[in-house]
Amino acid sequence: VFPIGEKLTVQVPTRIFKSLLVVAYPTEDTWNIERTRCFSLLAEIFSDRLRRQVRENMGAAYSPFAFNRSFRAYSGYGLLQAMVYAEPEKIDAIISEIQGIAEKLASEGIEKEELERVRTPAVNRIQDMVRKNEYWINSVLSDSRRHPQQIDWSRSLMQTYVSVRLEDLNQLARTYLIAPKAAVFVAEPERL
């Protein structure tokens, strides 16, 4: 069960004086593969905004990122997560910034230039990926006896990324990046 609106903070005994912050939004499972791929692009756009806001404007973290994880085993369950390693005193400001990014994606939408900035590298990664045996063995053929649709998914992989529409991504942002539904996890360093 996704912990809607909850925040969990844990103390971790460590000599590293950084906190791990995760802000997660509930999404969906993996079985609608086109939607899952759109979630991945939305996460790339979220990452790009995180980089610009948290790293470049705030100087609060070097490599913030976002990613989508849609599950097979749990029907209807997925997560779009923003993850940041930062100094503990900056965590509250970063949480606000992440939630602000999500709210703007949901209310104002994505610009065409943003989509193109993330789509081109994604398409290049896919082209490289499909040339390698690991993709075919680990993503397409692995477990394809139980889930034969994986073979069909490989046929539409490139087309989905090339043809995704801005409105499709904006609809996902409006539907899933809802501030009150976010869950926050913070692992803080406990001084040894």
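Begin by selecting Leu21, which, once its neighbours within four places in sequence are left aside, is in contact with Ala82, Met83, Val84, Ile91, Ile94, Ile95, Ile98, Val184, Phe185 and Val186. Keep in mind throughout that this is a predicted model.

Now widen the selection to the core around this residue. The largest nonpolar core has 44 residues, and those touching the most other members are Leu21, Phe46, Ile98 and Leu177. If you colour by element, you will find that S2, H1, S4, H2, H3, helix H5 (149–163), H6 and S5 each supply at least two residues of this core, while the largest share, 9 residues, comes from H1. Apart from it lies another core, of 5 residues, among them Ala24, Phe71, Leu79 and Ala183. In soluble globular proteins, nonpolar side chains tend to be buried together.

An open sheet is formed by 5 strands in the order S1-S5-S2-S4-S3, with mixed pairing. Strand S1 (7–13) and strand S3 (65–70) stand at the edges with a single partner strand each, so one side of each has no neighbour in the sheet. On average, and with direction ignored, neighbouring strands of this sheet are turned by 20 degrees against each other. To look at one pairing in detail, select S3 together with strand S4 (residues 78–86): the two run antiparallel and are joined by 6 bridges, and Asn68 can be found opposite Leu80 in S4.

Bring back two of the helices that lie on the sheet. H1 lies across S3 and S4 and runs at about 160 degrees to S3, whereas H2 lies across S1, S2, S4 and strand S5 (183–190) and runs at about 25 degrees to S2.

Select helix H6 (residues 166–176) next, where Leu169, Asn170, Leu172, Ala173 and Tyr176 are buried. These residues are on the same side of H6, because they cover an arc of only 160 degrees around the axis. What do the buried residues of H6 pack against? Their partners are strand S2 (19–26), helix H1 (33–57), helix H2 (91–108) and helix H3 (112–130).

Among these partners, H1 deserves a separate view. The axes of H1 and H6 come within 10 Å and cross at roughly 80 degrees, which means that H1 is roughly perpendicular to H6. To display the residues that meet here, select Arg35, Cys38, Phe39, Leu41, Leu42 and Ile45 in H1 along with Leu169, Leu172, Ala173 and Tyr176 in H6.

Stay on helix H1 and move to Arg49. Is Arg49 buried or exposed? Arg49 counts as buried because its relative accessibility is 13%, below the 20% cut-off. Neighbours within four places in sequence aside, the contacts of Arg49 are Ile101, Lys104, Leu105, Gly109, Ile110 and Glu114.

Finish at Lys181, in the loop between H6 and S5. With 35% relative accessibility, Lys181 counts as partly exposed.

Technical notes:
Residues are numbered from 1 along each chain as its sequence is written. This is a predicted model: local features need pLDDT of at least 70, side-chain atom pairs count only at pLDDT 80 or more; totals for chains, interfaces and linings use all residues. Side-chain values use heavy atoms; hydrogens and water are left out. Buried means under 20% relative accessible area, exposed over 50%, partly exposed in between (1.4 Å probe, protein chains only). Helices (H or I, at least four residues) and strands (E, at least two) are DSSP runs, numbered from the N terminus. The arc is that of the directions from the helix axis to the C-beta atoms. Contact means heavy atoms within 4.5 Å. Two strands pair if DSSP finds at least two bridges between them. Axes are lines fitted to C-alpha atoms, for helices over the stretch in contact, and angles run from 0 to 180 degrees between N-to-C directions. A nonpolar core is a set of buried Ala, Val, Leu, Ile, Met, Phe, Trp, Tyr and Cys residues joined through side-chain atoms within 4.5 Å. Angles under 35 degrees count as roughly parallel, over 145 as roughly antiparallel, 65 to 115 as roughly perpendicular and the rest as oblique.
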